[in-house]
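Trainee: I am new to this structure and would like a close look at one part of it. Could you walk me through a single strand and what surrounds it?

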Amino acid sequence: MSKLLPHQFSSHDLLAHLQHSETDPDDLPIVRYVQSILQEAVQAGASDIHFEAYEKQYRIRFRQDGLLYEVATPPPHLALRLSARLKVMARLDIAEKRMPQDGRFTFETAQKQTLDCRVSTCPTLYGEKVVLRILDSAMTRLDIDQLGMQAIQQQHFLQSIEKPQGLILVTGPTGSGKTVTLYSALHRLNTTQVNISTAEDPIEMNLSGMNQVPIQPKTGLTFAQVLRSLLRQDPDILMVGEIRDVDTAEMAIKAAQTGHLVLSTLHTNSAAETLTRLIQMGIAPFQVATSLSLVVAQRLARRLCDYCKIKTIIPDQVLSDLGFLPHHYVSPFICYAAKGCEHCKNGYKGRVGLYEVMPISKTMMQMIMLQAHALDMADQAAKEGIVHLAWAGLLKVQQGITSLEESYRVTHH
């Protein structure tokens, strides 16, 4: 485990030392600079650190609350030394520069907090790009109450995960918080009375009391193959990191139909589109209708900073232009906008989940069997009182949690 040195100097102050030090990736200046970047990323609440080499520039960026921000531009000639140091920390092959590599390391912050860091290297035109994903184990222990679902959405979610069998799908783009939602459900279900097994690519966090299997495509260990093996190990609950192909989908549905609770993710834009997507993958409509119990579509929106957010009124015409109907909001629509201060980043600090939680009703099952269009199923969901993503975002705007611009940014497609 790497331990961060005392944070006496900023990363900017350490650049001068780097330019005149030796080329050994273990020499003190390069070590201190990389650890300083890690420390600053932790303090900024960054989820990822990007080290990028270009023809005449080298830059380091943090992903904060879902967006990338440039934080440093070291001299380009330091690119090899920085990538070499990161490879040493992740126990990767320093000499290998032509093929991607993946690794991880653990480090201790100045606040005595232990964090995992996943490392990915990839050769680019002018060197190697290295991306670090900072993994906070506290996120895997989030209670469902902390996800940000509305009361009725949380009720639907809890009812579904407490069933002895069925398929629950969480959908959304990369970085929308799907894994955290699944881990929160598993954390709630994890008792000594049940056997929980997961198939993940990669394993984000080590979950105590669960059997986690890493997917290894290079050796032929696929999601479908792992699922076949896990089904012979007397499981109660299965979590599949992602349904990517028809083989995995068929195995997940088979498990759900044979007395297992299965949780997984799928890349679709809305809950209704998930139903048609499974059929398009080649799954028989009756299998989708009889195995699927709940679909959750989600996004992550940036939270407004409580110190500097400013009250504003949005004209009804603006809301109408965005597709909202009068019954979606109270007029005049009073909300808050981002401003920016020393406590936040451009008026935002932290993120909140926006959810569309759709249980599969009998009417919806019939529509799936008839292969209805996704728009028709979305209309039926609205009739059943299901809050779609854009409306969920508007509710968070009304509550002063996020801004209208941010809600539109993450829910519009």
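Mentor: Strands (E, at least two residues) and helices (H or I, at least four) are DSSP runs, numbered from the N terminus. This is a predicted model, where local features need pLDDT of at least 70, side-chain atom pairs count only at pLDDT 80 or more, and totals for chains, interfaces and linings use all residues. Residues are numbered from 1 along each chain as its sequence is written, and side-chain values use heavy atoms, with hydrogens and water left out.

Our strand is β16, residues 348-359. Its partner is β13 (residues 292-304), which runs antiparallel to β16 and is joined to it by 10 bridges. Within this pair, Gln298 stands opposite Tyr355 of β16. Both strands belong to an open sheet of 7 strands with mixed pairing, in the order β10-β9-β11-β12-β8-β13-β16. Because β10 (211-214) and β16 each have a single partner strand, they stand at the edges, and one side of each is left without a neighbour in the sheet.

Now look at Glu356, which sits in β16. Leaving aside neighbours within four places in sequence, the contacts of Glu356 (heavy atoms within 4.5 Å) include Gln153, Ala271, Ala297 and His388. Of these, Ala271 is itself buried, in helix α8.

Note on methods: Two strands pair if DSSP finds at least two bridges between them. Buried means under 20% relative accessible area, exposed over 50%, partly exposed in between (1.4 Å probe, protein chains only).
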